[in-house]
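Colleague: Hi, could you walk me through this one? I'm new to it.
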Amino acid sequence: MVLSENQKLRIPSRAENIILVERMVEDVCDLYNIGEDYFGNILIAITEAVNNAIYHGNASNPTKNIDILFKTYKDYVSFIVKDEGPGFNFTNLPDPTNPENVDKPNGRGVFLMRNLADKVSFED
């Protein structure tokens, strides 16, 4: 994959397309000499965002797409993940570290993104 300062990847909402997102993150980190410590955080945060977009945003509908865009700035790299879903209330998510939520299979994605990225924001 040849990358420029702004690159967009569009994938159908299928779990097997996560490999394409992983390759994009690897390429971005290689191109901008992002170290292994940051690489791991970026990889997990972005793949969690895309997984949420596939399963929750687009309800695993393979006819719906997810756009992953990265932009470079002087001091940082930014990723944007956009799905075709109706949105969700990101201010009222259960805390996955609470004892009553620890055994639940869902609910960790946004928590991981917020704890691994410098900044996470939601729109629409």
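Colleague: How many aromatic pairs does a search of the whole structure find?
Modeller: The search finds six. Rings of Phe, Tyr and Trp (its six-membered ring) pair if their centres lie within 6.5 Å; planes under 30 degrees apart count as stacked, over 60 as edge-to-face and the rest as tilted. Keep in mind that this is a predicted model: local features need pLDDT of at least 70, side-chain atom pairs count only at pLDDT 80 or more, and totals for chains, interfaces and linings use all residues. Residues are numbered from 1 along each chain as its sequence is written, and side-chain values use heavy atoms, with hydrogens and water left out.
Colleague: Why is the pair of Tyr 32 and Phe 70 edge-to-face?
Modeller: Because the ring planes of Tyr 32 and Phe 70 are at 70°, with the centres 6.3 Å apart. The two residues are 38 apart in the chain, with Tyr 32 in the loop between helix H1 (18–31) and helix H2 (36–57) and Phe 70 in strand E2 (residues 65–72). Helices (H or I, at least four residues) and strands (E, at least two) are DSSP runs, numbered from the N terminus.
Colleague: Is Phe 70 buried or exposed?
Modeller: Phe 70 is buried, at 0% relative accessibility, whereas Tyr 32 is partly exposed at 29%. Buried means under 20% relative accessible area, exposed over 50%, partly exposed in between (1.4 Å probe, protein chains only).
Colleague: Which residues form one aromatic cluster?
Modeller: Tyr 32, Phe 70 and Phe 79 do.
Colleague: New topic: where does Phe 88 lie?
Modeller: Phe 88 is in the loop between strand E3 (77–82) and helix H3 (109–116), and is partly exposed, with a relative accessible area of 46%.
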